Amino acid sequence: MIFSHIRTTWNKIIATRNGRRMVKVWNPVKDPHAIMLSPKTLRQHQPSLATGNVAGPGKSLGLVAATGSSLSLFYRKASSRSGLARRNSYRSSTCLTLTPVVEKLCWSPSKASVTQYYRNIFGEVITLRSISSRSRNFSSLCSPSKKIRMAAKIISGTEVSKEIRGQLTQEVAEMKKLVPDFSPGLTIVQVGNREDSNVYIRSKIKAATEIGMVANLLKLPRTITEIELLEELNKLNNDPKVHGIIVQMPLETDTKIDSHKITDAVDPSKDVDGLCTINEGRVAIGELNSGFMPCTPFGCIELIKRSGIQIEGAKAVVLGRSKIVGTPVAELLKWHNATVTVCHSKTKDLASEVRQADILVVGIGRPEMVKGDWVKPGAVVIDCGINSIPDATKKSGQRLVGDVDFKEVSQVAGYITPVPGGVGPMTVCMLMKNTVISASKSLSNITGQKWDFTPLPLQVKEPVPSDIEISRSQTPKNITTLAREIGVNPNELELYGTKKAKLSLKIVERLQSVKNGSYVVVAGITPTPLGEGKSTTTVGLVQALGAHLNKKVFACLRQPSQGPTFGIKGGAAGGGYSQVIPMEDFNLHLTGDIHAITAANNLLSAQIDARMFHEATQSDKALFNRLVPKKGGMRKFSEVQLRRVVKLGIDKTNPESLTEEEMARFARLDIDPATITWNRVLDTNDRYLREITIGESPTEKGKSRKTRFDITVASEIMAVLALTTSLKDMIERLGRMVVASDRNGNPVTADDLGVTGALAVLMKDAIRPTLMQTLEGTPVLVHAGPFANIAHGNSSIVADKIALKLVGEDGYVVTEAGFGADIGMEKFMNIKTRYSGLRPSAVVIVATVRALKMHGGGPPVTAGAALPAEYLKENLELLEKGFENLDHHIKTAKKFGVQAIVAINRFKTDTDIELQLLKKLSLESGAFDAVIAEHFSKGGLGAKDLAVAVVKACQQPNNFKFLYPLDLPLEEKIRAVAQEIYGAADIELSELARSRLELYTKQGFGNLPVCMAKTQYSLSHDASLKGAPKGFILPINDVAASIGAGFVVPRVGEMPMIPGLPTRPCFYDVKLDPETEEIDGLF
């Protein structure tokens, strides 16, 4: 800009033409390169440039101040109107720098130099040297009446931080509006009791509290060791209520502690000091939004921005290279596109280097080292130093100064920060800002967030290879990558290798304010022994939703039992191009949950027989003394024993105060062996364990009895795991499990046997679901594995709840119910949803042409045998007749008020005419939609139409309802299921079953739901009755009570509780390659 004159009021420098303002106020900091034009040159253009009115005692001096970067705009305007000669070329160089004096509003020249000009601009260029030769006192040119002096504008860190803290206070208030019980949490870790540290800590806590944070001080003794300190930091890292962690330095310790190791131990996502290596590295490579910037450098950048200088293109000098200030502030300036020079104690000609700076940041640790003649006129000076020097005028005898000589430099610089009141308040302020940023990220996790999910590409081949070949052709994501994509925090993940991990139940607590997604259950028609692809359909559906419709989706599946895996069925990971991977892990030990259940179940079995043995061989007193032994000369009840004392109505806590009668009642459970319902379990198909005799050894003194083994997945502990809602709930359920009755007809529980705590310990890891993935990379939660024919047949509630929170309101969770809709789905509706409080959005019923032909009168389908010809060629008559089975299941689903979608799982032997007929009949039966699915051969793409239908069904009104109320008598609940779900005319109770129902009702268990144990191969009790039989009488041979799980089990007909091996089990084909360690033949 060219200014026609300088007004002596000094509050403006303006250019005018014919009285019209041409430019605004000149900012000497943004544009310090000035040219001084002579009065003679100016007078030549006086007709075109009005001088304006001059106020005050000064005169209009006819001076023009201009900058190289601003000349062209005014020049174009002036030359077009006044006929001024066009300039040929110009190289910008410093000629004169004017600096404002704060409050006095006047200007003063500083040293400058002209390096080079090619041509005159509007005439003669007068250098400072030539001016000085005419007048050594340049101020007389500006104001003959008084000498002008200059000073820098103060950048007050106190004022800036006050403004930022006000903004942070509003942000925190908005967070609390969104989630009322949420507050940003800051914890300061202090080791020792240094007074200077105490001062800093108090200021930080005060600032945090004023903003609305929860600030805590973790004060640790100076005797703490490095290992102990690292453990304390690990606790804070894993505390979801802590969003920022500060380790106050220096550490005051008696033992040597590596401070670098300590700062690196802070979770980078909570390192609000920005001092850990990861956050330092992010600053170094310019990733300024992914971590935290160190607070002092962060504050310096904010103060520089407040000066108004354009950082981009400016020359910046950083004096000092400390880890905390100098090095990171240099990196930040670099990433703000300044040209940065870092100076230090070894820099040659330090003053000359510093003098080049448009922006000068000083953190050298030497009081008042930087003098006025070191600083470029008009520069922005940020003083990070804080030093105490003697000062007799102060009461304390000392005063605080920075690394910059404020008195001298303020006469030269354009902007300067004071000490104190400059960088110091900004450091605390930016610490608060980092904590709020961390809390905001945490809040986004709490309130739900978009997934950063990337599906795995699927290379489909024809013909479809074997399941194991397909599984091994796909490289799964590292499980930590998948967890990050779906919003699982690192501290919520327990790794089991690189392809599977357990998830923390605390995810539900973290996401408690997030609305649940849509909840879809996949059931099926009454199956053949070969299975109809329910698991495959579940996996294909979630692959379609996640990888092809871009929906947030989870599959929740049961863990397979090794009994069927090595028996008839083989693996249960899905099949074809719709599988859970790695399938070997999925189908074998996984994370050991079933083994944990086996151990817990058999520990309880062992205690039952051991307790009966000890009661039978000891007196009351001896038994009591051994149950409550003296320790240190005193007897003391354990926690579980105290619960038994309370249960017995004994109002005493001191074992010595019990009467003999009370001791006897406490010590003797008096179990009736004939009432024992608790059996040992094994996760193997073994028919010879269906009835055994135990206690045959002479050491058991004739205390033998008949019992049996069940398969592990039939254990009540498996049902407890599947139906529990929390760790506390699981412990209570384990304690409530009834194993027998005493001789007076009272229930005997696991808690009475004192084993509750031990069972919980064995199950503490099993309660957490396992995260895996499908072939297309969509997430899967695998948890619990109860059979549907002899148990309730659904995966766990905790897995569903975690998944529903992670997908959020616009996501989908697809879970599978075992066997046909009459078995698994009915128990899902009447049992699982009662305890979970969740409500299904839709039901998918999987149907196959093959199974419906069987129900229409086709020959038997036998595992391991070739399919009869009827199933290999088109037969519309058999299909249409067998459709009555699917029709029954559609109507069953609608009885619960839920939309039903039929998924027609296409096999290569199906014809298009058969498939279209099945679709037509399904729609006529009342299905919301019927979709032909080809996920086995095409993966998620083959189930895309099914996924679209499911999305539409979930958008429909939901009128969910239970089949029966819980206050209905147990016999009537059984009758309701038999008539409404199976199509029976009535039920028939055996004497044993009736007596058990009466006993359980008397014991207070009459308000529990019923869990029918029935064959999966027919709607009736007779596996040979296919289709949809009607009018039959359903026999109830026995009834068991799973009180801990929360249901009563009526047993329909003869139901073996442990399967047997077939003539040719699957394991004939299983082998392990000793070189590659790959498994073959399982699938």
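A: Strand β7 and strand β17 (residues 415-416) run parallel and are joined by 2 bridges. This is a predicted model, in which local features need pLDDT of at least 70 and side-chain atom pairs count only at pLDDT 80 or more, while totals for chains, interfaces and linings use all residues. Residues are numbered from 1 along each chain as its sequence is written, and side-chain values use heavy atoms, with hydrogens and water left out.

Q: What makes β7 and β17 a pair?
A: Two strands pair if DSSP finds at least two bridges between them, and β7 and β17 have 2 bridges, so they are a pair. Strands here are DSSP runs of E with at least two residues, and helices are runs of H or I with at least four, numbered from the N terminus.

Q: What is the order of the open sheet of 6 strands, and why are β7 and β12 said to stand at its edges?
A: The order is β7-β17-β14-β13-β11-β12, with parallel pairing. β7 (153-154) and β12 (339-343) each have a single partner strand, so one side of each is left without a neighbour in the sheet.

Q: Which strands of that sheet does helix α10 touch?
A: Helix α10 (residues 295-307) packs on the sheet and touches β13 (359-362), β14 (380-383) and β17. Contact means heavy atoms within 4.5 Å. The direction of α10 makes about 155 degrees with that of β14; axes are lines fitted to C-alpha atoms, for helices over the stretch in contact, and angles run from 0 to 180 degrees between N-to-C directions.

Q: Why are β9 and β10 described as edge strands?
A: The open sheet of 3 strands has the order β9-β8-β10, with parallel pairing. β9 (214-220) and β10 (244-247) each have a single partner strand, so one side of each has no neighbour in the sheet. The twist averages 15 degrees from one strand to the next.

Q: How many bridges join β8 to β10, and which helices pack on the sheet?
A: Strand β8 (residues 185-191) and β10 run parallel and are joined by 4 bridges, with V189 opposite V247 in β10. Helix α6 (residues 195-211) lies across β8, β9 and β10 at about 170 degrees to β8. Helix α7 (residues 226-237) also touches β8, β9 and β10, and its direction makes about 175 degrees with that of β8.

Q: Why is D710 called buried and R708 partly exposed?
A: D710 has a relative accessible area of 7%, so it is buried. R708 has 23% relative accessibility and therefore counts as partly exposed.

Q: What makes E971 and R994 a link between separate parts of the chain?
A: The closest N and O atoms of E971 and R994 are 3.4 Å apart, in a salt bridge. E971 lies in helix α35 (residues 970-982) and R994 in helix α36 (residues 991-1002), so the pair ties together parts that are 23 residues apart in sequence. Salt bridges that share partners join E971, E972, R975, D986 and R994 into one network.

Q: Why is E716 called buried?
A: The relative accessible area of E716 is 7%, so E716 is buried. E716 is in helix α25 (residues 716-723). Residues that E716 touches include W678, M737, V738 and I1043.

Technical notes. Buried means under 20% relative accessible area, exposed over 50%, partly exposed in between (1.4 Å probe, protein chains only). A salt bridge is a side-chain nitrogen of Lys or Arg within 4 Å of a carboxyl oxygen of Asp or Glu. Lists of a residue's contacts leave out its neighbours within four places in sequence.
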